[in-house]
Amino acid sequence: MSDAVVTRFAPSPTGFLHIGGARTALFNWLYARRHGGKMLLRIEDTDRERSTEPAIAAILDGLSWLGLDWDGETVYQFARAARHREVAEQMLAAGKAYYCYATPQELEEMREKARAEGRPMRYDGRWRDRDPATAPAGVKPVIRLRAPQTGETVVEDEVQGRVVWQNENLDDLVLLRSDGNPTYMLAVVVDDHDMAVTHVIRGDDHLTNAARQTQIYQAMGWRVPSMSHIPLIHGADGAKLSKRHGALGVDAYRSMGYLPVALRNYLLRLGWSHGDQEIFSTEEMVSLFNLSSIGRSPARFDYAKLESLNGLYMRQSDDRDLLDALKSILPEIGPAHGLGPELDPALEAKLLAAMPGLKERAKTLIELLDSASYLFAKRPLALDQKAATLLDEGARQRMPSLAEKLAAVNDWTPAPLEAAVRAFAEEHALKLGQVAQPLRAALTGRSQSPGLFDVMAVLGREETLARLSDQT
């Protein structure tokens, strides 16, 4: 077996790609890229009741949006059921597994007894050494692993350290159900082996599975991959992450106006650290990522941090790239802002011109679109409460002469416009704010906006003067 690193991301398509899954995918991707290896994608669709095509599409779409590409064809676990059965039969033939004819009633009795004694249910091994010839008629057997009953099963985990289970506490797990379908435990081991996976990096909710799976590897005489079990993500209150904390699909973060590069950086820092560094380029992520710097305690999801990071990335983004990101989610968010699914060329040009000012203040694309609403607001503008207060009677009476002053400006760019407004304020013995604030209200309908003179430049002479005329 070659020593090339092969990782895998193996989601169950029973819903969207949630935030914890996205982080697991990112860690697998970074580890593979760091070591010049491969990250494979396997869809664990053996739960036929709950696995859906839309969920598979959402997972693939979420990974692509985050920029996490995978190597080779996507593997679908259910399609490999015949291979899983073949391995169970091999183990049976080698005496590493056996037929178990315990009836549902017998298993229920074992469950009841365990409950009464306050211990977890363990199969008691009653068919481990019995001759299948003594099997009751009409009972379809399962195939169970003949697990070691003494000694220890050890996982040298790259994150959790050495984890030890006493074999007497682990029962003979089912490999093949009575209907001939393989169990998840068997399928995962066979697939990881056949896909030559060298490193299994996943959530620590799989830690107990690691003991079971190690026993299957050992029974087959296969090399056990390196294991890394990452602590789960918790909410800001320390409780396990749920929908109320933000355990949403990656697609929801996209609709909420986050940039994929910011979400990726944020997920990297959820549980992994490199000194005090917060911001990482993709190249830095790849060159610095290691398993030893993953913390052992759960990371806390913090919306304020994600927003702040997203704002930082927006300020650093190219204006055209931001506009493209905005256009990609417009079909979802446009209607709420009175826009259709596409921008007309004139508005697109205005948005691009306004972008330097817009991106300075916004933390998400939704906020950015909201602060750009002055560009596509219907005339006459509806004023919000604060804007209406600013545009009092005195301010309205000054509008015609201010409009006259502005109409005389030849070079309709921020600096000459600012000079004209300052001159007007001085002529009327007013502070700049006493002129600029009502002017902002008249032009945007709000008390806050990107830089006032940038706003005027982007609106253009005609639109600016028309809006001032509306308010007199």
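Q: Which side chain of opposite charge is nearest to Asp157, and how far away is it?
A: In this predicted model, Asp157 sits in strand S6, which spans residues 152-157. Asp157 is buried and has no salt bridge. A salt bridge requires a nitrogen and a carboxyl oxygen within 4 Å. The nearest side chain of opposite charge belongs to Arg202, at 7.3 Å.

Q: With which side chain does the side chain of Asp157 make a polar contact?
A: Leaving aside neighbours within four places in sequence, Asp157 is in contact with Val163, Leu207, Met227, Ser228 and His229. From this list, the side chain that makes a polar contact with the side chain of Asp157, at 2.6 Å, is that of His229.

Q: Is Ala441 buried or exposed?
A: Ala441 belongs to helix H18, residues 432-444. Not counting residues up to four places away in sequence, Ala441 touches Leu383, Ala387, Leu390 and Arg446. The relative accessibility of Ala441 is 0%, and the limit for burial is under 20%. Ala441 therefore counts as buried.

Q: How far apart in space are Ala441 and Arg126, C-alpha to C-alpha?
A: In sequence, Ala441 and Arg126 are separated by 315 residues. In space, their C-alpha to C-alpha distance is 82 Å.

Q: What kind of aromatic pair do Tyr253 and Tyr258 form?
A: The count of aromatic pairs comes to 10. For Tyr253 and Tyr258, the ring centres are 6.1 Å apart and the planes make an angle of 50°. Planes under 30 degrees apart would count as stacked and those over 60 as edge-to-face. The pair of Tyr253 and Tyr258 is therefore tilted.

Q: How many residues apart in sequence are the parts tied together by Lys327 and Glu348?
A: Glu348 is buried at 17% relative accessibility, whereas Lys327 is partly exposed at 30%. Their side chains meet in a salt bridge of 3.1 Å, N to O. Lys327 lies in helix H11 and Glu348 in helix H12, so the pair ties together parts whose separation in sequence is 21 residues.

Q: Where does Arg379, the salt-bridge partner of Asp470, lie?
A: The closest N and O atoms of Asp470 and Arg379 are 2.7 Å apart. Asp470 is partly exposed at 29% relative accessibility, and Arg379 is partly exposed at 42%. Asp470 lies in helix H19 (residues 452-470), and the pair ties together parts 91 residues apart in sequence, because Arg379 lies in the loop between helix H14 (373-376) and helix H15 (385-390).

Conventions. Residues numbered from 1 in each chain as written. Predicted model: local features only at pLDDT ≥ 70, side-chain atom pairs only at ≥ 80, totals over all residues. Heavy atoms only, no water. Helix = DSSP H or I, 4+ residues; strand = E, 2+ residues; numbered from the N terminus. Buried < 20%, exposed > 50% of the residue type's maximum accessible area, 1.4 Å probe, protein only. Lys, Arg positive; Asp, Glu negative; His and termini not counted. Polar contact = N/O pair within 3.5 Å; in protein donor to acceptor, adjacent residues only side chain to side chain. Contact = heavy atoms within 4.5 Å. Phe/Tyr/Trp six-rings, centres within 6.5 Å; stacked < 30°, edge-to-face > 60°.
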